[in-house]
Amino acid sequence: MLKWAGWTMIGMSVLHLIVLGMDAIALLPAWLSGHLWTLEHWQPVVTQSPDMAANGAVFHATLGSFALPMLVFGALVLWMDRRGLVPPAFVGWGIGAWALLAGLVMAPSGYPLGLIPAVLLVLAARSGVSSSASRRRVL
């Protein structure tokens, strides 16, 4: 279960970055020239220029999204699994609550997919068993 949770998080993160990263390709030159280094993006979105709002939206859908931390967390879960460590259930519950709430606010979306690793993490914590290591510990 734990191994599948890790790979699911990594897969969702990579897919998210690839699909939404298509928009970022055209904006990358502006980002690299410091276009986002302004206080305009701290203003309410409705008062920002359309260009700044679009740049901010694409940034927060790619580089500034939860996809990169989720990718790192998925790798951490795989690392833990290989060492017989199981993350506590509250991690799965937290990811599940986030995915459910975000999915209710923005439907249709990929947020409900976050329930897959969330359930797997909770089940792994309840069983206290990782996929591959012989020595198992619940943190």
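Q: Where is Pro108 found?

A: Pro108 sits in the loop between α4 (89-105) and α5. Helices (H or I, at least four residues) and strands (E, at least two) are DSSP runs, numbered from the N terminus. The peptide bond from Ala107 to Pro108 is cis, with omega near -5 degrees. Keep in mind that this is a predicted model, where local features need pLDDT of at least 70, side-chain atom pairs count only at pLDDT 80 or more, and totals for chains, interfaces and linings use all residues. Residues are numbered from 1 along each chain as its sequence is written, and side-chain values use heavy atoms, with hydrogens and water left out.

Q: How many helices and strands are there in the protein, and in what order do the elements run?

A: The protein has five helices and two strands. Reading from the N terminus, the order is α-α-α-β-α-α-β.

Q: How do I read the length of helix α5?

A: Compare the span with the expected one, which is 1.5 Å times one less than the number of residues. Helix α5 covers residues 115-127, 13 residues in total, and its first and last C-alpha atoms are 18 Å apart, close to the expected 18 Å. Just after α5 comes Gly128, which takes a positive phi of about 70 degrees.

Q: Is Met9 buried or exposed, and what does Met9 touch?

A: Met9, in helix α1, counts as buried because its relative accessible area is 0%. Contact means heavy atoms within 4.5 Å. Leaving out residues up to four places away in sequence, Met9 touches Met70, Phe73, Gly74, Val77, Ile95, Pro117 and Leu121. Two of those partners, Pro117 and Leu121, are also buried residues of α5.

Q: Why does Leu71 count as partly exposed?

A: Leu71 is partly exposed because its relative accessible area is 26%. Leu71 belongs to helix α3 (residues 67-82). Beyond its neighbours within four places in sequence, Leu71 is in contact with Ile10, Ser13 and Val14. Leu71 and Gly11 are 60 residues apart in sequence, and their C-alpha atoms are 8.0 Å apart in space.

Q: Why does Pro29 count as exposed?

A: Pro29 counts as exposed because its relative accessibility is 55%. Pro29 is part of helix α1 (residues 2-32).

Q: What do the contacts and buried residues say about the whole protein?

A: Of the 139 residues, 35% are buried. Among contacts between residues at least 6 apart in sequence, 73% join residues at least 24 apart.

Q: And what is the radius of gyration of the protein?

A: The radius is taken over C-alpha atoms, and the globule rule is 2.2 Å times the number of residues to the power 0.38. For 139 residues a compact globule would have a value near 14 Å, but the protein has 18 Å. Taken along the principal axes, the C-alpha atoms fill a box of roughly 55 × 30 × 25 Å.

Key:
Buried < 20%, exposed > 50% of the residue type's maximum accessible area, 1.4 Å probe, protein only.
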